[in-house]
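Please read them with the structure open.

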Amino acid sequence: MEHQYIIAHADKTVLKISGLQVKGLNTRELEQILSDKIHSLVRVIGVTGDSVEMDIYEAEPEQIRKDAQGVIRAVALAEGITATELTQMVCSEKILEVDYNLIPDQPVSGCAKEKWMKRP
Amino acid sequence: MKTAYLLPTGNEIQNGIVLDLDTPELMIQLIRRFPQVQVTRLCPLLDDEEIILRQLEKLTPMQPDLIVLIGGSGGGHRFSKTLSRDFTHSALERFLDEHASREIYGKNGHLWCKLLCGKKGVTLVINVPGPFVEAKAAFSAFLESWSKGDSLEMINSAMAQAVFAQYPAGAAQTV
């Protein structure tokens, strides 16, 4: 059967907001609110009971960091999120491009350790 | 299409930290295209390969037309400790008799999404990503391709392109 690899040449940065209370989060609403706020495409990629992690595409991390309080206030408007006095934001640098030759030449479903643990 | 099972995955979905928006959207699309379909949403599964596999094996004897696994299609936990563990693709690889698959990587070399389309006996089995817009696009592409009688490879390709189109990424590069 066919197996293919596709490379997405998108610039993105990872935005993590911690110190929240999260229950019943409407991720679609959060993405829309934050997208309107920072004028970039937003994708929620990870949620716990006290944090939200998002991919922000084609945005400048420095601009997001400058308005950290504004970003936190916007995020807290989404259904299922309550900000607390412990809420803080961390925004990574843009992802770095790697050599495509580093992409594995076999279908991947696990890291090296997982493959070792599942070895026949 | 007569019977379909939708299986949301993710600890955050099961414990209610995140609303399950994907399953209702997939149900709407399915019912719109097949008004007589009997579609069942099962209890969300934890992010555990063995749990996912056992649930798939339970459904097999019922010979549904379609099983859809929702979420857990990325590889994020390998790079961030706080992200959910993604096991739907690895469970499907162990479960399916035959399948086609595509992996979408970011330019940073991280696996963003792996989609499979395969068969187990008479049942067609696919997975879709968790983010709402990607799940919606992938399933819409699946229905369109499946309705045309496309092969597993063609369905898988259509779904991967639909997911890729949700990234602001310019042209795809197939390697």
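1. The model is predicted. In chain A, four strands form an open sheet in the order E3-E4-E2-E5, and their pairing is antiparallel. Strand E3 (41-47) and strand E5 (81-91) of chain A are the edge strands. Each has a single partner strand, so one side of each has no neighbour in the sheet. On average, neighbouring strands of this sheet are turned by 25 degrees against each other, direction ignored.

2. One strand pair in detail. Strand E2 (residues 12-22) of chain A and strand E4 (residues 51-57) of chain A run antiparallel. Seven bridges join E2(A) to E4(A). For a residue to check by eye, take A:Lys16: its bridge partner in E4(A) is A:Glu53.

3. The helix on the sheet. Which strands does helix H1 of chain A lie across? Helix H1 (residues 27-38) lies across E2, E3, E4 and E5 of chain A. Relative to E3(A), helix H1 of chain A runs at about 135 degrees.

4. Chain A overall. Chain A has four helices and five strands. Along the sequence, the pattern is β-β-α-β-β-α-α-β-α. Of the 120 residues in chain A, 42% are buried. Consider contacts in chain A with a separation of 6 or more: residues 24 or more positions apart account for 74% of them.

5. A helix pair in chain B. Helix H5 (residues 132-147) of chain B packs against helix H6 (residues 152-164) of chain B at an angle of about 150 degrees. Their axes are 8 Å apart. Angles over 145 degrees count as roughly antiparallel, and H5(B) and H6(B) are therefore roughly antiparallel to each other. The crossing of H5(B) with H6(B) is right-handed.

6. What makes that contact. H5(B) contributes B:Glu134, B:Ala137, B:Ala138, B:Ala141, B:Phe142, B:Ser145 and B:Trp146. From H6(B) come B:Met154, B:Ile155, B:Ala158, B:Met159, B:Ala162 and B:Val163. By class, the contact residues of H5(B) and H6(B) are 11 nonpolar, one polar and one charged.

7. B:Glu93 sits in helix H4 (residues 88-95) of chain B.

Definitions and conventions. Residues are numbered from 1 along each chain as its sequence is written. Chains are lettered from A and ligands numbered from 1 in the order in which they are written. This is a predicted model: local features need pLDDT of at least 70, side-chain atom pairs count only at pLDDT 80 or more; totals for chains, interfaces and linings use all residues. Side-chain values use heavy atoms; hydrogens and water are left out. Two strands pair if DSSP finds at least two bridges between them. Helices (H or I, at least four residues) and strands (E, at least two) are DSSP runs, numbered from the N terminus. Axes are lines fitted to C-alpha atoms, for helices over the stretch in contact, and angles run from 0 to 180 degrees between N-to-C directions. Contact means heavy atoms within 4.5 Å. Angles under 35 degrees count as roughly parallel, over 145 as roughly antiparallel, 65 to 115 as roughly perpendicular and the rest as oblique. A crossing is left-handed if the near helix is turned anticlockwise from the far one by less than a right angle, and right-handed if clockwise. Ala, Val, Leu, Ile, Met, Phe, Trp, Tyr, Cys and Pro count as nonpolar, Asp, Glu, Lys and Arg as charged, and the others, Gly among them, as polar. Buried means under 20% relative accessible area, exposed over 50%, partly exposed in between (1.4 Å probe, protein chains only).
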